[in-house]
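Q: I have a model open and want to learn how to read it. Can you take me through its features?

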There are 2 protein chains.
Amino acid sequence: MGRPKEHGEDTREALLEAAERLLADEGPGAVTVRRVADEVGTSTRAIYSVFGGKEGLYSALFRKAADTFRRLAEAVPRQSDPVDELIPLGLSYRQSALAEPNLYGLLFDRAVPDFVPTDEDLQFARRSQERVLDTVRRCADAGVLPASDAEATFNALWGVVHGLASLELIGCFGPPEAAEVVWRSALPTFVRGLTLPHDEP
Amino acid sequence: MGRPKEHGEDTREALLEAAERLLADEGPGAVTVRRVADEVGTSTRAIYSVFGGKEGLYSALFRKAADTFRRLAEAVPRQSDPVDELIPLGLSYRQSALAEPNLYGLLFDRAVPDFVPTDEDLQFARRSQERVLDTVRRCADAGVLPASDAEATFNALWGVVHGLASLELIGCFGPPEAAEVVWRSALPTFVRGLTLPHDEP
DNA sequence: AGGTATTTCGCAACGTTGTTACGTCACGCC
DNA sequence: GGCGTGACGTAACAACGTTGCGAAATACCT
């Protein structure tokens, strides 16, 4: 009963695609309710019907971006020795962030105003790094890591690559060549600290 | 000649203080031109006379925040062995970021919309970490670091602590106790990787 | 000393933002 | 076939950053 919905799954997809394109191409300031609606050719009401508001649109966009980064991480080939995957995974993380700086900012840099990811959003983002967590787990199973659990080691590694990517995106490392030097220095240093034998009980 | 300025250095200070307080207490969304002007008891024009606009206000706020963080870093005591300063410096960095998450977001997390720090702003922020750079230089002089220059080592260390702080502030590490575990795992790991002898020529 | 030029100030307006109330339209049911 | 029900498009609202304009206040010149 009632008028049938025309803002269904198809318009949802179109809105999300338009929002992602606007965010990636022109930055967070370009993602306005009116602009996204105009891009799809519908009214602002559609966004409120489908997503409940701008926050809901951002939340969906957040998950779409997390999915993109998950696919990029999955593409890193596995090695017989999981330790050999750590540095390639880190460099792939860098490439992904550099390729889509605005999407990365939405995910991990609070770069979109008035959008705070819910706990579910955060867990979704965390799950997008499962490819890395898997490698860390295999390293732990192989006994090459210190006694601390794989979860903490993964978080530490995530912190390293996120920090490098974030500072590079802001511009703190200067031109990409200088940033490359930092990455090539920091990643092996951390991996060395991880895999060397430790002196604790 | 002309009407004398009443929006001088004193109102500048008052505006900056009000803006910092609003940012720290209520987040980036609360720092509006009207709100800041009202808080001081003047008109919005004052902000345009003194700072040229919202961007100029943010730029001044950026430097004020950088100065705050510089003072906090300077407070970390020096040790006879500079290596012993690295972990305390990192933990102090964490405490500073946790104490003023919004100021930290302004400085290093793109958390304020439509504000992109100029190159001068970035150099100002970098200079606020001089205390850390000094320690790294002393480590390099003592010969405990690999061959890579102190600049790159400092950038790498900065990346580690920034990444940990940023992810913790977003909420990716869960409660502070869990985040503490990550810090206590990541910092010594990186320092160990830094100071252990390396096998390159 | 009085008039004028110049600089700054407060106010009000403009365009844009997210959001919501309202009138309209399209379908299912009695 | 009339009517209820739900979703739609439009227009309004408050708040935002910014700017144009008239009033105010001082220094200089006659």
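A: Start with the contact of chain B with chain A: 39 residues come from chain B and 39 residues from chain A. Two residues are in contact if their C-beta atoms, placed from the backbone, lie within 7 Å. This is a predicted model: local features need pLDDT of at least 70, side-chain atom pairs count only at pLDDT 80 or more, and totals for chains, interfaces and linings use all residues. Residues are numbered from 1 along each chain as its sequence is written, while chains are lettered from A and ligands numbered from 1 in the order in which they are written.

Q: Which elements give two or more residues to the side of chain B that touches chain A?

A: Helices (H or I, at least four residues) and strands (E, at least two) are DSSP runs, numbered from the N terminus. On this side, helix 6 (101-108), helix 7 (119-127), helix 9 (150-170) and helix 10 (176-195) of chain B each give two or more residues. Helix 9 of chain B gives the most, with 14 residues.

Q: How do the residues of that side of chain B divide by class?

A: Ala, Val, Leu, Ile, Met, Phe, Trp, Tyr, Cys and Pro count as nonpolar, Asp, Glu, Lys and Arg as charged, and the others, Gly among them, as polar. The side of chain B that touches chain A has 21 nonpolar, 13 polar and five charged residues.

Q: How many helices and strands are there in chain A?

A: Chain A has ten helices and zero strands. Its C-alpha atoms fill a box of roughly 70 × 40 × 30 Å along the principal axes. Of the contacts in chain A between residues at least 6 apart in sequence, 66% join residues at least 24 apart.

Q: What share of chain A is buried?

A: A residue is buried if 20 or more other C-beta atoms lie within 10 Å of its own, exposed if 12 or fewer, and partly exposed in between, with C-beta atoms placed from the backbone. In chain A, 42% of the 201 residues are buried.

Q: How do the axes of helix 9 and helix 10 of chain A cross?

A: Axes are lines fitted to C-alpha atoms, for helices over the stretch in contact, and angles run from 0 to 180 degrees between N-to-C directions. Here helix 9 (residues 150-170) and helix 10 (residues 176-195) of chain A have axes that come within 11 Å and cross at roughly 170 degrees. Angles under 35 degrees count as roughly parallel, over 145 as roughly antiparallel, 65 to 115 as roughly perpendicular and the rest as oblique. Helix 9 and helix 10 of chain A are therefore roughly antiparallel to each other. Helix 9 of chain A brings A:Thr153, A:Val160, A:Leu164 and A:Glu168 to the contact, and the residues from helix 10 of chain A include A:Trp183 and A:Phe190. By class, this contact has eight nonpolar, one polar and one charged residue.

Q: Which residues touch the most other members of the largest nonpolar core?

A: In soluble globular proteins, nonpolar side chains tend to be buried together. A nonpolar core is a set of buried Ala, Val, Leu, Ile, Met, Phe, Trp, Tyr and Cys residues joined through C-beta atoms within 7 Å. The largest one has 114 residues, and A:Leu106, A:Leu107, B:Leu106 and B:Leu107 touch the most other members. Not counting residues up to four places away in sequence, A:Leu107 touches A:Phe62, A:Ala65, A:Ala66, A:Phe69 and A:Ala125.

Q: How many residues surround DNA strand D?

A: A residue is near a molecule or strand if its C-beta atom, placed from the backbone, lies within 6 Å of it. DNA strand D has 26 residues around it, and the closest are A:Gly2, A:Arg3, A:His7, A:Ser49 and B:Thr32. Helix 3 of chain A supplies the largest share of this surface, four residues. By class, the surface has six nonpolar, ten polar and ten charged residues.

Q: And which residues are closest to DNA strand C?

A: They are A:Thr32, A:Lys54, B:Gly2, B:Arg3 and B:His7, among 25 residues that surround DNA strand C. Helix 3 of chain B gives the most to this surface, with four residues.

Q: Is B:Asp114 buried or exposed?

A: B:Asp114 counts as exposed because it has 11 C-beta neighbours inside 10 Å. B:Arg110 is buried, with 23 other C-beta atoms within 10 Å. B:Arg110 lies in the loop between helix 6 and helix 7 of chain B, and B:Asp114 is in the loop between helix 6 and helix 7 of chain B. Phi is positive in B:Arg110, near 50 degrees, and in B:Asp114, about 60 degrees.
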